[in-house]
Amino acid sequence: MKRSIKLLSLILALIMSASILTGCFGRRKGEPPVSTSDKRVVMTLGGYNVTYDFYRYLFLNTKDYLSDGDKDFWTKEGNDVEMVKKYIIDSLNDTYAMFTLADKYEITLPDEEKSYIDNMIQQSKGTMTDEEFKKSLAESYMTPELYRFILEVQQLEILVYNHIIAEDSGIIFADDKTVKKAVSEDFVRATHILFLIEDEEGKTEKKELADQLLQRLKNGEDFEALKEEYSEDTGLKGNTDGYYFLRGVYDKAFEDAAFNLKEGEISEVVTSDLGYHIIKRLPIDDKYVDDNLEDLRSQYLTSKYYEIIEETYKDFEASYKKDYSDIKLDSFN
């Protein structure tokens with residue numbers, strides 16, 4: 001099953017992953033550890049400036065992400081500019097909390113990465129002329145400088161994450177005993193039958209099929225047999241172990257249903273961003289935990305990292321510049 005991820009990470013993944021040089025010298029007041037030269041400030045968050053070019057990039061990509069090509073999306077009740085702003089704040093909180101942690105632990109991007117990053121950008125450019133490259137970036141609402149900044153953000157987060165989860169940093173304790181205790185108390189093990197929603201046309205048909213299979217399960221048919229025949233989650237084909245996970249990994253609707261089940265219990269049809277699910281909660285298997293302890297430890301560390309991120313931004317106060325309230329759906333077009 002596809003994992004749910006933070007909005008900013010989703011947007012970044014649509015472009016590319018790389019690392020890049022940045023410097024910490026000569027930072028202007030309110031400037032985060034990595035930044036562009038844009039002096040126009042839309043808002044401040046956690047004491048850092050959010051520049052116009054970055055906010056515009058997030059705004060337009062968020063609009064595209066939410067509407068997903070539905071030209072009538074913004075005519076529906078509740079789908080408005082405030083929805084876009086909320087998604088952006090959620091994304092910015094994660095990013096600017098990471099900036100706060102980078103400064104707290106004095107983490108910067110090393111100079112030796114510059115030539116490597118230049119090569120990566122050149123590879124991205126390929127045989128395009130400068131104008132063609134700019135045009136290509138503009139399709140994702142970027143300039144070359146903003147593109148560099150986006151890559152800086154990615155690489156800085158990798159460094160911050162690796163520092164926080166590192167055993168020698170002493171920030172998170174993840175010895176075997178701690179992880180096993182967390183698995184037994186905080187993890188859920190579940191499997192499911194998934195019916196993907198790929199377009200509106202097939203939505204009704206998939207829901208009817210999910211309802212039919214749910215009734216067959218209630219009549220006593222074998223869950224694993226029906227899962228193998230009908231589920232569109234290729235990650236569970238031939239896999240009777242299911243998924244072991246903490247909250248914050250998958251779609252919220254899926255997680256809520258799984259956590260609310262008792263061991264051996266089967267859910268009603270659950271609707272998520274992916275499609276329709278019939279979920280079965282399974283008991284934690286001690287042998288599986290022993291055999292897959294490193295993977296479970298990685299999940300535990302990632303969960304603890306995001307707890308630290310959330311703890312960092314919980315006291316953030318956003319300060320908006322005078323033009324912020326005038327932003328409309330078409331403001332940045």
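Modeller: Buried residues, meaning those under 20% relative accessible area with a 1.4 Å probe and protein chains only as cover (exposed is over 50%, partly exposed in between), make up 44% of the 333 residues in the chain. This is a predicted model, in which local features need pLDDT of at least 70 and side-chain atom pairs count only at pLDDT 80 or more, while totals for chains, interfaces and linings use all residues. Residues are numbered from 1 along each chain as its sequence is written, and side-chain values use heavy atoms, with hydrogens and water left out.

The C-alpha trace spans about 65 × 50 × 45 Å along its principal axes, and the secondary structure comes to 12 helices and 7 strands, taken as DSSP runs numbered from the N terminus (H or I of at least four residues for helices, E of at least two for strands). Among contacts (heavy atoms within 4.5 Å) between residues at least 6 apart in sequence, 71% join residues at least 24 apart.

The sheet you ask about is open and has 3 strands in the order 2-1-7, with antiparallel pairing; two strands are said to pair if DSSP finds at least two bridges between them. Its edges are strand 2 and strand 7, each of which pairs on one side only. Helix 2 packs on this sheet, touching strand 1 and strand 2, and its direction makes about 60° with that of strand 2; such angles run from 0 to 180 degrees between N-to-C directions, the axes being lines fitted to C-alpha atoms, for helices over the stretch in contact. Helix 3 (residues 81–104) also packs on the sheet, where it touches strand 1, strand 2 and strand 7 and makes about 135° with the direction of strand 2.

Strand 1 (residues 41–45) is mostly covered, with 4 of its 5 residues buried. With strand 2 (residues 48–51) it pairs in the antiparallel sense over 4 bridges, and L45 has Y48 of strand 2 as its bridge partner. These two strands form a hairpin with 2 residues between them, and G46 in the turn has a positive phi of about 65°.

Leaving aside residues up to four places away in sequence, Y55 touches V42, M43, V50, K85, I88, L92, Y324, I327 and F332.

The C-alpha atoms of N61 and T127, 66 residues apart along the chain, are separated by 26 Å.

Elsewhere, K227 in helix 9 (residues 223–230) counts as buried because its relative accessibility is 1%. A polar atom of the K227 side chain lies 2.7 Å from the backbone oxygen of N239. Beyond residues up to four places away in sequence, K227 touches T191, H192, I193, L236, K237, N239 and T240.

Definitions and conventions:
Polar contact = N/O pair within 3.5 Å; in protein donor to acceptor, adjacent residues only side chain to side chain.
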